[in-house]
Amino acid sequence: MSELSWLQVLEHRLTHLADSLRADWGIFVHFVNGGGEIAINADRQQDTMSLIKVALLVTLMRKVETGEVDLAKRVTLGDHDKRLGTGVLFLFDAGATFTLKDAAWLMIVISDNSATDIVLDAVGGPEAVNETMAALGLDQITMTGNALAWFRALAGSMDPELATVAPGELARRGYPYKTPVSFAAARERYHFGEDRPFALATARSLGMLILQIHDHRCASPESCEAMLAMLRGQQLHSMLPKYMWGVTAAHKTGNFPPFISSDLGIFTPAAGSPVIISIMTQQHRGQRALVEDTVARMGELIIHAAEGIPD
């Protein structure tokens, strides 16, 4: 029996880690310097949650290049702009001002949902994102709606009145009071019940999008470098970069804990090959910390392999 290659060994280890948790996994790994690929359920469409914000960022920068959007345009925050979930803008007083470029930074580095819908409105809505992905040959990436619609649906599943209140009122009131057990059960019913994805994509298609940014193929070199700078500014490091040392990480997370904990990006060790890593989970049952640490351990294994490939 022939000896397994290092790539096969790595795939076996990643599969073993994935099989240790009850979740749907999509894993795609691409070593940029010709080291090969690993694909584990990489072509299964899954809920992206905030990973879709990378596709939105690409759409934004392409429209900046055509003159349809101006990053220097100043935005005045209104109550109607405020969204639940990650971010800080929903905590700001109405009347705060910032540029569209600031909103893009907030959307990526802290996954601000208010900033996301501001950027989404600027580019022309989900349809514009889907048209851009199709133009790039990535029609497996589909945005299904905005953050407001998703959070209204989640809140409305707990209290029907919240499905129709004004955005600022929803952000102010938040979810109806429940005990921790009943709140967790309500969120579980939402995730495992009706089909309500924030967006859909495959691990491979998202990895290919990051590769297009790296290769300057989805926009101009200047725009692609600006996007990579934003991704390198990421402030959420509990998954892929957690056990990486001396590695430049340009990445984006996507979460609906504990059911979805995903991470996507390009990781460049001090010596070795840059590597595209796209890891998606959904329908996880268990502790958030456990699935996030499993993603982190996968990242550790992958980057150790990348360090052994000549740059």
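Select helix α2 (residues 52–65) and helix α5 (residues 126–135) in this predicted model. The two helices pack with their axes 9 Å apart, at an angle of about 85 degrees. Angles of 65 to 115 degrees count as roughly perpendicular, and α2 and α5 are therefore roughly perpendicular to each other.

Now show the side chains where they touch. From α2, pick Ala55, Leu56, Val58, Thr59, Arg62 and Lys63. Their partners in α5 are Ala128, Val129, Thr132, Met133 and Ala135. Coloured by class, the residues of this contact between α2 and α5 come out as seven nonpolar, two polar and two charged.

The crossing of α2 over α4 is left-handed. On the α2 side, select Lys53, Leu56, Thr59, Leu60 and Lys63. On the α4 side, select Asn113, Thr116, Val119, Leu120 and Val123. The contact of α2 with α4 holds five nonpolar, three polar and two charged residues. Leu56, Thr59 and Lys63 of α2 take part in this contact and are also among the residues of α2 that meet α5.

Next, hide these helices and bring up helix α3 (residues 100–109) with helix α10 (residues 221–232). Their axes come within 8 Å, crossing at roughly 50 degrees, which makes α3 oblique to α10. In this pair, α3 passes α10 in a right-handed crossing. Select Lys101, Ala104, Trp105, Ile108 and Val109 in α3, then Ala229, Met230 and Leu231 in α10, to see where the helices meet. What classes of residue make up the contact of α3 with α10? There are seven nonpolar residues, one charged and no polar.

The last stop is the largest pocket, which holds about 380 Å³ of space. To find its centre, select Gly85, Thr86, Asn255, Phe256 and Pro257, the closest to that point of the 24 residues in the lining. Then colour α6 (147–158), α8 (180–192) and β8 (247–256), each of which supplies at least two lining residues. Which of these elements gives the most to the lining? It is β8, with five residues. Finally, colour the lining of the largest pocket by class: eleven residues are nonpolar, ten are polar and three are charged.

Conventions
Residues are numbered from 1 along each chain as its sequence is written. This is a predicted model: local features need pLDDT of at least 70, side-chain atom pairs count only at pLDDT 80 or more; totals for chains, interfaces and linings use all residues. Side-chain values use heavy atoms; hydrogens and water are left out. Axes are lines fitted to C-alpha atoms, for helices over the stretch in contact, and angles run from 0 to 180 degrees between N-to-C directions. Helices (H or I, at least four residues) and strands (E, at least two) are DSSP runs, numbered from the N terminus. Angles under 35 degrees count as roughly parallel, over 145 as roughly antiparallel, 65 to 115 as roughly perpendicular and the rest as oblique. A crossing is left-handed if the near helix is turned anticlockwise from the far one by less than a right angle, and right-handed if clockwise. Contact means heavy atoms within 4.5 Å. Ala, Val, Leu, Ile, Met, Phe, Trp, Tyr, Cys and Pro count as nonpolar, Asp, Glu, Lys and Arg as charged, and the others, Gly among them, as polar. On a 1 Å grid over the protein atoms alone, a cavity is a set of points where a 1.4 Å probe fits but cannot get out, and a pocket is an open set with protein on both sides within 12 Å along at least five of seven lines; lining residues have an atom within 4 Å of a point. Grid points are joined across faces, edges and corners, and a volume is the space filled by probe spheres set on the points.
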